[in-house]
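Please examine the sequence and the structure shown here. The briefing is arranged by topic.

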Amino acid sequence: MKTLQSTLLLFLFVPLIKPAPPSQQDSRIIYDYGTDNLEETFFSQDYEDKYLDGKSTKEKETMIIVPDEKSFQLQKDENITPLPPKKENDEMPTCLLCVCLSGSVYCEEVDIDAVPPLPKESAYLYARFNKIKKLTAKDFADIPNLRRLDFTGNLIEDIEDGTFSKLSLLEELTLAENQLLKLPVLPPKLTLFNAKYNKIKSRGIKANTFKKLHNLSFLYLDHNALESVPLNLPESLRVIHLQFNNITSITDDTFCKANDTSYIRDRIEEIRLEGNPVILGKHPNSFICLKRLPVGSYI
């Protein structure tokens, strides 16, 4: 009888014992950690739902199906960025040592002993006050656009005859304050030539050096060792500086034409001959074609 009663009581109480709903347990745990953790929990859940799902999707989208080896090689080639072609002449070292600006190269007082490789577009080179001893044909062989060269204050003793042969546009050439004993062949379009303060003697200037320079307006050969005025000076000359040389005499053909008394050389504005042993007063017919007398000693 007691056993039967116990069994009946067991059947009555079992339906009343139920586990707590899962949602109630989760809520209780969340509120135990506080508000900050609640936000972190939601953020973490949202990150996992969106980012990981997106990452998975992205990986699926970027997956490349390669049907064969040929397609794989094509895909590989397309993804490689080609390298820029290497220049034949690396111009960077010169433009680091010097200053390159809009076709002009400034290499002043940098102790170079030779002409540096120049950018091909160079039009003006200023290489003053360095230690350059020689100019060669290779220095300007690939620089056809040069219009002005200035080598003032170097140690140049020798210049190859072909050095300026390809510089058909060169207008100004300055070789002042060097150690030159003679002059090279000069380019035809020069308007200014400056070789003052050198050691040039008359035998170092060929008879036709200036004859074909029909654009030459300014000639500076002062402070050298010339014994006479250079021959065949072009009609285009406006200024001639020959002061402080060893010029001892001049002739009727030096500036004028002895056989043409009507000839007038009207372009010349200045001839300087002071500092030479020549007495200009002894050669009056040498200046008959000039509008202005040369500067120098007349007595």
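The points below cover salt bridges, aromatic contacts, a surface patch and backbone angles. The model is predicted, so local features need pLDDT of at least 70, side-chain atom pairs count only at pLDDT 80 or more, and totals for chains, interfaces and linings use all residues. Residues are numbered from 1 along each chain as its sequence is written, and side-chain values use heavy atoms, with hydrogens and water left out.

**Salt bridges**

- Side chains of opposite charge can pair when their charged atoms come close.
- The whole structure holds eight salt bridges, a salt bridge being a side-chain nitrogen of Lys or Arg within 4 Å of a carboxyl oxygen of Asp or Glu.
- One of them joins aspartate 158 to lysine 134, at 4.0 Å from N to O. Aspartate 158 belongs to strand E6 (residues 158-159) and lysine 134 to strand E4, so this pair ties together parts that are 24 residues apart in sequence. Strands (E, at least two residues) are DSSP runs, numbered from the N terminus.
- Aspartate 158 is partly exposed at 28% relative accessibility, and lysine 134 is partly exposed at 40%. In these terms, buried means under 20% relative accessible area, exposed means over 50%, and partly exposed lies in between (1.4 Å probe, protein chains only).
- Glutamate 172 and arginine 148 form another salt bridge, in which the closest N and O atoms are 3.1 Å apart. It links distant parts of the chain, with glutamate 172 in strand E7 and arginine 148 in strand E5 (residues 148-150), 24 residues apart. Glutamate 172 is partly exposed at 25%, and arginine 148 is partly exposed at 27%.
- Lysine 206 meets aspartate 161 in a salt bridge of 3.6 Å, N to O. Lysine 206 lies in the loop between E8 and strand E9 (218-220) and aspartate 161 in the loop between E6 and E7, so the pair ties together parts that are 45 residues apart in sequence. Lysine 206 is exposed at 53%, whereas aspartate 161 is partly exposed at 39%.

**Aromatic contacts**

- There are five aromatic pairs in the structure. Rings of Phe, Tyr and Trp (its six-membered ring) pair if their centres lie within 6.5 Å; planes under 30 degrees apart count as stacked, over 60 as edge-to-face and the rest as tilted.
- Among the pairs is a tilted one between phenylalanine 193 and phenylalanine 210, 6.3 Å centre to centre with 55° between the planes. Phenylalanine 193 is in strand E8 and phenylalanine 210 in the loop between E8 and E9, 17 residues apart.
- Phenylalanine 193 is buried at 0% relative accessible area, and phenylalanine 210 is buried at 0%.
- One aromatic cluster is formed by Phe140, Phe151 and Phe164.

**Surface patch**

- Val99, Leu101 and Tyr106 make up a nonpolar surface patch with about 280 Å² of accessible area together. Such a patch joins nonpolar side chains (Val, Leu, Ile, Met, Phe, Trp, Tyr) within 5 Å, from residues with over 30% relative accessible area and no salt bridge.
- Leucine 101 sits in strand E1 (residues 99-101) and is exposed at 53%.

**Backbone angles**

- Most residues other than glycine have a negative phi.
- Phenylalanine 129, which is not a glycine, has a positive phi of about 60°. Its place is the loop between strand E3 (124-126) and strand E4 (134-135).
- Glutamate 177 also has a positive phi, near 60°, and is found in the loop between strand E7 (172-174) and strand E8 (192-194).

How values were computed: Helix = DSSP H or I, 4+ residues; strand = E, 2+ residues; numbered from the N terminus. Patch = residues over 30% accessible without salt bridge, like charges linked within 9 Å, V, L, I, M, F, W, Y side chains within 5 Å. Areas by Shrake-Rupley, 256 points an atom, 1.4 Å probe, with all protein chains shown as cover.
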